[in-house]
Amino acid sequence: MSILSGKKILLGISAGIAAYKTASLVRLFIKAGADVKVVMTPASIDFVTPLTLSTLSKHPVVTSFYNEEDESAVWNSHVELGLWADLFVIAPATANTMSKMANGTCDNLLLATYLSAKCPVYFAPAMDLDMYKHPSTAQSFKTLQDFGNIMIPATSGELASGLVGEGRMAEPEDIVLFIENHILGNLPLYGKKVMITAGPTYEAIDPVRFIGNHSSGKMGFELAKTAANLGAEVTLISGPTNQSLQHSAVNIIPIISAQDMYEQAHLYFKDTDIAICAAAVADYKPKEVALQKIKKDDSALTLELEKTKDVLASLGAIKSDQFLVGFALETNNELEHAKGKLKRKNLDLIVLNSLNDAGAGFKSNTNKITLIDAQECITEFNLKSKAEVAQDIFNDILNKLHA
Ligand code: CTP
């Protein structure tokens, strides 16, 4: 999954020959999962048709303040467009459009939208090499970047004039990559490695039976998604679940038993910055696993169980700089038990769920948590969706890491 997935991208097209490449750009943004709207300068429609772009973006393309398609709407609102967008990408950005942006000129819808946009603005210059080198263009680049806009540099190569030099708009693939990397680079967990355990473990009794639990894995998967969206590289070690997650920054390691989870967690932990054990690991497993299916007879069946390894405690015992987080699901003396686990397992933070709170726990889509840190500072949260809970947990971790 691209970091652009779910983002609302407003593409502004000004009148350069590179405008023909914007059809591919719209396709790539949509392939990345973004919702795309297009605003064009009136002159740019000579280079690429609004019909092409509205077909590809599945939204009407706007080119003027006057709304010809919907007279009841009277005008195309630059303010609305500017507020709609999470990102405004101006590609190609011609010398003329950049000069107007730099000077606050506002004689078309694209420029009015630029002036009212509150989101990050990227611009990809495109022009002939002498125009590109002209001091007034250099001045526009500087002014626009001083305003906080982000320039996607032009490249060198053959230009529409036949001349060879700097001024070619970056290729659509490179524009997408540039924006993805720029967003990622500014995310708070960029460059960090996060390891998460999730789901139940199954402890084999014989080839067809196991001891398991009702953990859905949802909390762990939400944590993994949140960490990836905050820019982290995530390893998600998961027991058998129905959850799915497709994100280019999440590496899912499927495991079955507590022993598998222990081994995989130790493989990745050394190279991890933040580890969160959200799995409901079985505390006991059958001492002997029958090689053949156990046949029933008239007598009762007794299984001898032995303890599994405690993954979280074993990580706490070897941790150096890692920030280690555990979960505690309790039914009584909740705070006391959670504080005990925090100390015993050498954690930086524990997430307490009480089964006494309606909507908290294993199978539901919601959770109600209390966070307790190593200084025993306690923060209580309301009942929320597991996605919101994941965000709360990472907000707390980020605050502690930056404190
Ligand atoms: N945990 C683990 N490996 C185990 C058991 C637990 O990693 N074999 C982790 C869980 O992922 C969770 C935390 O330890 O983050 C708390 O687990 P829990 O079973 O509630 O705690 P225990 O210490 O086993 O205590 P008890 O069962 O008595 O409540």
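**Entry 1**

I started with Lys-287, which counts as partly exposed because its relative accessibility is 43%. The cut-offs are under 20% relative accessible area for buried and over 50% for exposed, with partly exposed in between (1.4 Å probe, protein chains only). Before going on I noted that this is a predicted model, in which local features need pLDDT of at least 70 and side-chain atom pairs count only at pLDDT 80 or more, while totals for chains, interfaces and linings use all residues. Residues are numbered from 1 along each chain as its sequence is written, and side-chain values use heavy atoms, with hydrogens and water left out.

I then looked for the partner of Lys-287 and found a salt bridge with Glu-304, the closest N and O atoms being 3.8 Å apart. The two residues are 17 apart, and each is placed in the loop between strand 14 and strand 15. A salt bridge here is a side-chain nitrogen of Lys or Arg within 4 Å of a carboxyl oxygen of Asp or Glu. Helices (H or I, at least four residues) and strands (E, at least two) are DSSP runs, numbered from the N terminus. Glu-304 is exposed, since its relative accessible area is 53%.

**Entry 2: other salt bridges**

I noted a count of 17 salt bridges by this rule. One of them joins Asp-271 to Lys-193, with 3.1 Å between the closest N and O atoms. Asp-271 sits in the loop between helix 10 (258-269) and strand 13, and Lys-193 in strand 8 (residues 193-198), so this pair ties together parts 78 residues apart in sequence. Lys-193 is partly exposed, at 27% relative accessible area.

Next I checked Lys-339, which forms a salt bridge with Glu-376; the closest N and O atoms are 3.9 Å apart. This pair links distant parts of the chain, 37 residues apart: Lys-339 is in helix 12, and Glu-376 is in the loop between strand 19 (369-373) and strand 20 (378-380). Lys-339 counts as partly exposed at 25% relative accessibility, and Glu-376 counts as partly exposed at 34%. I also recorded a network in which salt bridges that share partners join Lys-21, Arg-168 and Glu-171.

**Entry 3: the nonpolar patch**

I looked up surface patches and found a nonpolar one of about 380 Å², made by Tyr-284, Leu-301, Leu-303 and Leu-305. Patch members have over 30% relative accessible area and no salt bridge; like charges are joined within 9 Å, and nonpolar side chains (Val, Leu, Ile, Met, Phe, Trp, Tyr) within 5 Å. Leu-303 lies in the loop between strand 14 (284-286) and strand 15 (305-307). With 34% relative accessibility, Leu-303 counts as partly exposed.

**Entry 4: annotated positions**

I took the "binding site" annotation from the unreviewed UniProt entry, which covers Asp-283, Lys-293, Phe-327, Lys-341 and Lys-345. These residues span 63 residues in sequence, and the farthest two C-alpha atoms are 37.6 Å apart, so they do not all gather at one spot. Of these residues, Asp-283, Phe-327, Lys-341 and Lys-345 are in the lining of the largest pocket. UniProt annotations may be inferred rather than shown by experiment.

Asp-283 is in the loop between strand 13 (274-277) and strand 14, and counts as exposed at 53% relative accessibility. Beyond its neighbours within four places in sequence, Asp-283 contacts Glu-306, Lys-307 and Thr-308; contact means heavy atoms within 4.5 Å. Lys-341 is in helix 12 (residues 334-344). With residues up to four places away left out, Lys-341 touches Ala-328, Leu-329, Glu-330, Asn-346, Leu-347 and Ile-350.

**Entry 5: buried residues**

I checked Asn-353 in strand 17 (residues 349-354) and found it buried at 6% relative accessibility. Its contacts, not counting residues up to four places away in sequence, include Phe-327, Ala-328, Leu-329 and Glu-330.

I then turned to Ile-9 in strand 1 (residues 8-13), which is buried with a relative accessible area of 0%.

Last I looked at Ala-280 in the loop between strand 13 and strand 14; at 12% relative accessibility, Ala-280 counts as buried.

Methods. Accessible areas come from the Shrake-Rupley method with a 1.4 Å probe; for residues, only the protein chains shown count as cover. On a 1 Å grid over the protein atoms alone, a cavity is a set of points where a 1.4 Å probe fits but cannot get out, and a pocket is an open set with protein on both sides within 12 Å along at least five of seven lines; lining residues have an atom within 4 Å of a point.
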